[in-house]
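Biologist: I've got a model open and I'd like to learn how to read it. Please take me through it one feature at a time.

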Amino acid sequence: MCTGCGAELHPYLEDDIYGRWQRWQFPPCRPCDARDQERWQKAERIASLGLAPRHAGMTFEAYEPVTDSQRHALERVRAGGSLWLVGLASKDGPGTGTGKSHLSVAACIAAAEAGAVHVEYHVAPELYARLRGEAMSEGMEDTVRDLCECDLLVLDDLDKGRKTPLAAEVVYRIAEERSVNGRRTLVTTNSRPGEVAGLFREGGYGPAIVSRLRGLCDVLTVEGPDHRLTARPEFPEARKGGTNR
Ligand SMILES: [Zn+2]
């Protein structure tokens, strides 16, 4: 009997290669084998996203919208397409933790679960730092190509971190390339698009970046109380980081 599904498996006698003896073998349960394989491949694809431990468990199912704009954002991110999520606190507060990072991570996990697609998730300040390091080597062009050509790109907290001329130029190239080709892109910020244009002052790229991104993405405002305070406690790992990234 299969220990997975209880199906009856019929043993058969197998000869050893020299024909000296025989022994009973059980065939594998094909449906269970296929299911295991699928589950394993899904896990592999999610692992290959390279998400940080703080992102563990940030699925659509674990997201609990409190406000109408959060419910709307969940629906829209789930439906696919390119979006720019602007996090705003409903009363006072910094507007961080409204769940926009959770939603963008969930989109990556869902895409990886659904099939073998090239997904790139980046917290922008970490990406800018990495680009500074790679600028001296040829590695940077490979990174930029991945960012331009992947099936789904998330740039989380695009407005945070040091926006050097290099960062501004790379973000511009990404925005241009992806908008021309209509590639699915999710951007999150705590600043409104007009403010983001001012943040990428260096080299005068700001307005061009914002106009490309606005052409590609629908802008959605996600208002809410700090999501980290209302999130369910099942995934303490996901919240250990403290900062909303
Ligand atoms: Zn079975």
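Biologist: Let's begin with a bridge: in S5, which residue is the partner of Val119?

Modeller: That's Leu152. Before we go further, this is a predicted model, so local features need pLDDT of at least 70 and side-chain atom pairs count only at pLDDT 80 or more, while totals for chains, interfaces and linings use all residues. Residues are numbered from 1 along each chain as its sequence is written.

Biologist: How do I read strand pairing, and how many bridges link S4 and S5?

Modeller: In general, strands of a sheet pair through backbone hydrogen bonds, either parallel or antiparallel. Two strands count as paired if DSSP finds at least two bridges between them. S4 and S5 have five, in the parallel sense.

Biologist: What order do the strands of the open sheet have?

Modeller: It goes S4-S5-S6-S3-S7, five strands with parallel pairing. Ignoring direction, neighbouring strands are turned by 15 degrees against each other on average, using axes that are lines fitted to C-alpha atoms (for helices, over the stretch in contact) and angles from 0 to 180 degrees between N-to-C directions.

Biologist: Which strands pair with S6?

Modeller: One is S5 (residues 152–156), parallel over four bridges, where Leu153 is partnered by Thr185 of S6. The other is S3 (residues 83–89), again parallel over four bridges. There, Leu85 has Thr188 of S6 as its bridge partner, and Val86 stands opposite Thr189. S3 is also joined to S7 (residues 218–224) by seven bridges, running parallel, with Trp84 opposite Val219.

Biologist: Is S6 mostly covered or mostly exposed?

Modeller: First the rule: a residue is buried if 20 or more other C-beta atoms lie within 10 Å of its own, exposed if 12 or fewer, and partly exposed in between, with C-beta atoms placed from the backbone. S6 (residues 184–189) is mostly covered, with six of its six residues buried. Arg184, Leu186 and Thr188 are buried on one side, and Thr185, Val187 and Thr189 on the other. In the protein, 32% of the 245 residues are buried.

Biologist: What hand does the unit of S5, H6 and S6 have?

Modeller: Point the strands away from you: a crossover is right-handed if the path from the first strand over the helix to the second runs clockwise. S5, helix H6 (residues 165–181) and S6 make a right-handed β-α-β unit.

Biologist: How many residues are in the largest nonpolar core?

Modeller: As a general idea, nonpolar side chains in soluble globular proteins tend to be buried together. A nonpolar core here is a set of buried Ala, Val, Leu, Ile, Met, Phe, Trp, Tyr and Cys residues joined through C-beta atoms within 7 Å. The largest one has 46 residues, and Val171 is among those with the most contacts inside it. Helix H3 (residues 100–114) gives the largest share, eight residues.

Biologist: What does Val171 touch beyond four places in sequence?

Modeller: Phe200 and Ile209; contact means C-beta atoms, placed from the backbone, within 7 Å.

Biologist: Where do the buried residues of H8 sit around the axis?

Modeller: The buried ones in H8 (residues 206–216) are Gly206, Ile209, Val210, Arg212, Leu213 and Leu216. They cover an arc of only 165 degrees, which puts them on the same side of H8; the arc is that of the directions from the helix axis to the C-beta atoms. They pack against S3, H6, S6 and helix H7 (193–199).

Biologist: Last one: is Ile174 buried or exposed?

Modeller: Buried, because 24 other C-beta atoms lie within 10 Å. Ile174 lies in H6, and its C-alpha is 5.0 Å from that of Cys148, 26 residues apart along the chain. By contrast, Leu74 of helix H2 (residues 68–79) has 19 other C-beta atoms within 10 Å and is therefore partly exposed.

How values were computed:
Helices (H or I, at least four residues) and strands (E, at least two) are DSSP runs, numbered from the N terminus. Two residues are in contact if their C-beta atoms, placed from the backbone, lie within 7 Å.
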